[in-house]
Amino acid sequence: MFTTTWKKTVWIIALGLALSGCQLFNHARVPHEKAHEKVPPITVSQQKWGEVDGQAVYLYTLKNAQGMTVKVSNWGGYVQSILVPDRHGKFEDVILGYDTWQEYYNDCCYSGPIVGRFGNRIAKGQFEIDGVTYQLTTNNGGPNNNINQLHGGLKGLHKRLWQGQIVDNKVEINYLSIDGEEGYPGNLAIKVTFSLDQNNGFKISYQATTDKKTPVNLTSHTYFNLSGNMQRDVEGQKLQIIAEQITPVDHLLIPTGALVPVAGTPFDFRQPMKIGEKIRTHDQQLKMGGGVDSVFGGYDHNWLFSDYDGSMKVQASLYDPVSGRHMSIETQEPALQFYAGNFMDGSVIGKGGKPVEHRYGIALEPQHYPDSPNQPHFPNTILAPGEVYQTATIYRFSLR
Ligand code: BGC
């Protein structure tokens, strides 16, 4: 008894000394003038944007001291705009999307929402857990778009109104996806948090829990174009992905199951490479990217990060040599779906009334491998009761 109390006292004193030491050390590191300098806080405001089934849709604006501004909504978790400066200090929008809520309500093309429960494709919309086969809604592949499931199904998370609130200068949105929704088992409680830091990092954090085993693969389906306000196509922008392998796909963009090295192929982005540099190479996988019957072709594949361990790491970057804008992607996810806007054809009208032409944006989606529930050798995507799904990605902007 005495020994325990005595030990405790020693520990408390030691801890106290250590903490005061840390404080002294930190204090010593802050230059005298800086200590009194006040950085304006991150501001977050909300405005009513629309209404669905009598419930308010909000557009939230996050802004940091450098003027970087991000708008997000509780409708589908859409990121509506990201304004960052070019090398002349001109702030422009670096993501695709629309001006009004009504256009987001009718969005055909996943222009910036949270996608799930399972972002990307699940073959035949089917999988098995503990001997039970689940049939999901199907919305993709074949002449009737009904062979596979893509991005959560007919009415995925992007077509739902989430509960939105501002908490500690962050925007938090919550959605309860009920047992059986789009065919998925279990009630899945999802929380997504959007935040901005003073170093031009925009972070999206994801959390989910379930009461039955279910696949979960959440991501943001934002299309980037660093030219600003969609001035040019993305072919001249340089992409880097720290990945040695991709998952090759079949004609319906379902992974064949193989893991193929990028070395010596047009898929080698280990060093920054212009998106357009090798996109027209005769290559069977590039052809698949547009769908085998398509004249388009291009990248629409999953790159597997070489040194994934679940911690936050810079795994990819995009750079526009004309504007000087650079974006790095720091993520806890194991892979990146890079879709080069192959199907864009000018038929969708975006912000400012501008048509979204071929390759006027690319989707860079940190996530798990497509069709994981059917490919046992891919990293696990099944969330079980009692577990917490937790992941995050930071899109960080700078100038080069
Ligand atoms: C997919 C593409 C699809 C696009 C829009 C991407 O995530 O990989 O195949 O066309 O989303 O739906």
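**Close-up views of salt bridges in a predicted model**

View 1. Asp93 forms a salt bridge with Lys351, and the closest N and O atoms of the two are 2.7 Å apart. The pair links distant parts of the chain, as Asp93 belongs to strand E5 (residues 91-93), whereas Lys351 sits in the loop between strand E25 (335-339) and strand E26 (362-367), 258 residues apart. Lys351 is also buried, with a relative accessible area of 17%.

**View 2. A salt bridge between Asp179 and Lys212.** The side chains of these two residues, Asp179 and Lys212, meet with a distance of 2.6 Å from N to O. Asp179 is found in the loop between strand E12 (170-177) and strand E13 (188-196), and Lys212 in the loop between strand E14 (201-210) and strand E15 (214-215), so the bridge ties together parts that are 33 residues apart in sequence. Asp179 is partly exposed at 35% relative accessibility, and Lys212 is partly exposed at 38%.

**View 3. A salt bridge between Asp197 and Arg396.** Here the side chains of Asp197 and Arg396 meet at 3.0 Å, N to O. Because Asp197 lies in the loop between E13 and E14 while Arg396 lies in strand E28 (residues 389-399), the pair ties together parts that are 199 residues apart in sequence. Asp197 counts as partly exposed at 25% relative accessibility, whereas Arg396, at 18%, counts as buried.

**View 4. A network of Lys90, Glu92 and Arg325.** The structure holds 17 salt bridges.

Notes:
Residues numbered from 1 in each chain as written. Predicted model: local features only at pLDDT ≥ 70, side-chain atom pairs only at ≥ 80, totals over all residues. Heavy atoms only, no water. Salt bridge = Lys/Arg side-chain N within 4 Å of Asp/Glu carboxyl O. Helix = DSSP H or I, 4+ residues; strand = E, 2+ residues; numbered from the N terminus. Buried < 20%, exposed > 50% of the residue type's maximum accessible area, 1.4 Å probe, protein only.
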